[in-house]
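Welcome! Here are a few exercises to work through with the structure beside you. Try each task before you read its solution.

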Amino acid sequence: MNNLKEVFINEIPAFRELGHKFLNKEVSTGDFKSASGGMGVYAQRGGLDFMIRFRIPSGIMNMNEFKKVYELAKKQNLDKVHLTTRQAIQLHSISIDAVCDTMEEAIKNDIFTRGGGGNFPRNVSISPLAGVDVEEAFDVTPYALEVNNHFMSKITTYKLPRKLKVSFSSSEKDYGNSTIADLGFLAIKKDNKEYFKVYIGGGLGKNPEKSVEFDSLINPNEILYHVEAITNLFIAEGDYTNRNKARTRYIVDRMGEEAFYLYNHLPL
């Protein structure tokens, strides 16, 4: 991870330069956004201030990390932070230099923004009561964190058509929304053994769709195989020409559920 931190920090000077070119109108809004999203940064309306998004893995942080986010917000004279639906944290209305300085300090404290937006796998979300829900099959937290780690280990290499969202739920009530994600894992117990139901190709937003459910349960040690499978499918079959159709649910629409299901049962 230290090598990855160095890579992230070394990206900041070029991004700072790009940000100033954007402010000087030497770079278009679209060109800036295509680069800034991957850094976890977006220009706000008006184009003078910016938002930065911290990837808090499945919304889990220790006290030192919590205090650091508070410190970073106070340093910019912010009186609030924004908690996102995917369990990340955003700081709003700060300058491009503040964004870059904040990003560097956060990285040094193991808090990352890379891939927080743009065409990247997003923060992995989980049931908010995972680990304490009396109705849960088992705690999904360690599995979600491992997927977060997997994504971050490769975050600079992804060339996806658009964003990819993975979710975990710890009970049939699906508090993590695993049944409406690009890839969802829902914990169940059968014969006193832990398994996951797997759901693929769902999503909200425009033209929302429920996910396609696999007909077989998977063991927890098979999770990363499915993460890689949906990623490879998205790269191979996703729409790189029409951004409005560049989500996995449109692949289901195009192929049909049966063909999509069979495609995802092919060996890696």
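**Exercise 1.** By about how much of the helix are Glu17 and Lys21 separated in helix α1?

*Solution.* Before starting, note that this is a predicted model, where local features need pLDDT of at least 70, side-chain atom pairs count only at pLDDT 80 or more, and totals for chains, interfaces and linings use all residues. Residues are numbered from 1 along each chain as its sequence is written, and side-chain values use heavy atoms, leaving out hydrogens and water.

Step 1: find the two residues, which lie four residues apart in helix α1, so about one helical turn separates them. Helices (H or I, at least four residues) and strands (E, at least two) are DSSP runs, numbered from the N terminus.

Step 2: look at the side chains, which meet in a salt bridge at 3.6 Å, N to O. The term stands for a side-chain nitrogen of Lys or Arg within 4 Å of a carboxyl oxygen of Asp or Glu.

Step 3: check the surroundings. Glu17 is partly exposed at 46% relative accessible area, and Lys21 is partly exposed at 33%. Here buried means under 20%, exposed over 50%, and partly exposed in between (1.4 Å probe, protein chains only).

**Exercise 2.** Find salt bridges that link distant parts of the chain, and describe how accessible their residues are.

*Solution.* Step 1: start from the whole structure, where a search finds 14 salt bridges.

Step 1: take Asp110 and Lys5, whose side chains meet at 2.9 Å, N to O. Asp110 sits in the loop between α4 (96-108) and β5, while Lys5 belongs to helix α1 (residues 2-23), 105 residues apart. Asp110 is partly exposed, at 40%, whereas Lys5 is buried, at 14%.

Step 2: take Arg247 and Asp182, which form a salt bridge of 2.8 Å, N to O. This pair spans 65 residues, from the loop between β6 and β7 (Asp182) to the loop between α6 and α7 (Arg247). Arg247 is buried at 7%, and Asp182 is buried at 0%.

Step 3: finish with a network of salt bridges, which links Lys68, Glu71, Lys75 and Glu105.

**Exercise 3.** In what order do the strands of the five-stranded open sheet lie, and what is the pairing?

*Solution.* Step 1: read the order, β5-β6-β7-β8-β9, with mixed pairing. Two strands pair if DSSP finds at least two bridges between them.

Step 1: locate the edges, β5 (125-126) and β9 (212-213), each of which pairs on one side only.

Step 2: follow β8 (residues 193-200), which pairs with β9 in the antiparallel sense over two bridges. Ile200 stands opposite Val212 in β9.

**Exercise 4.** Which residue of β4 is the bridge partner of His82?

*Solution.* Step 1: place the strands. Strand β3 (residues 82-83) runs antiparallel to β4, joined by two bridges.

Step 1: identify the partner of His82, which is Gln90.

Step 2: look at β2 (residues 50-54), which is antiparallel to β4 (residues 89-94) and joined to that strand by four bridges. Arg53 stands opposite Gln90 here.

Step 3: inspect the hairpin of β3 and β4, with five residues between the strands, where Gln87 has a positive phi near 70°.
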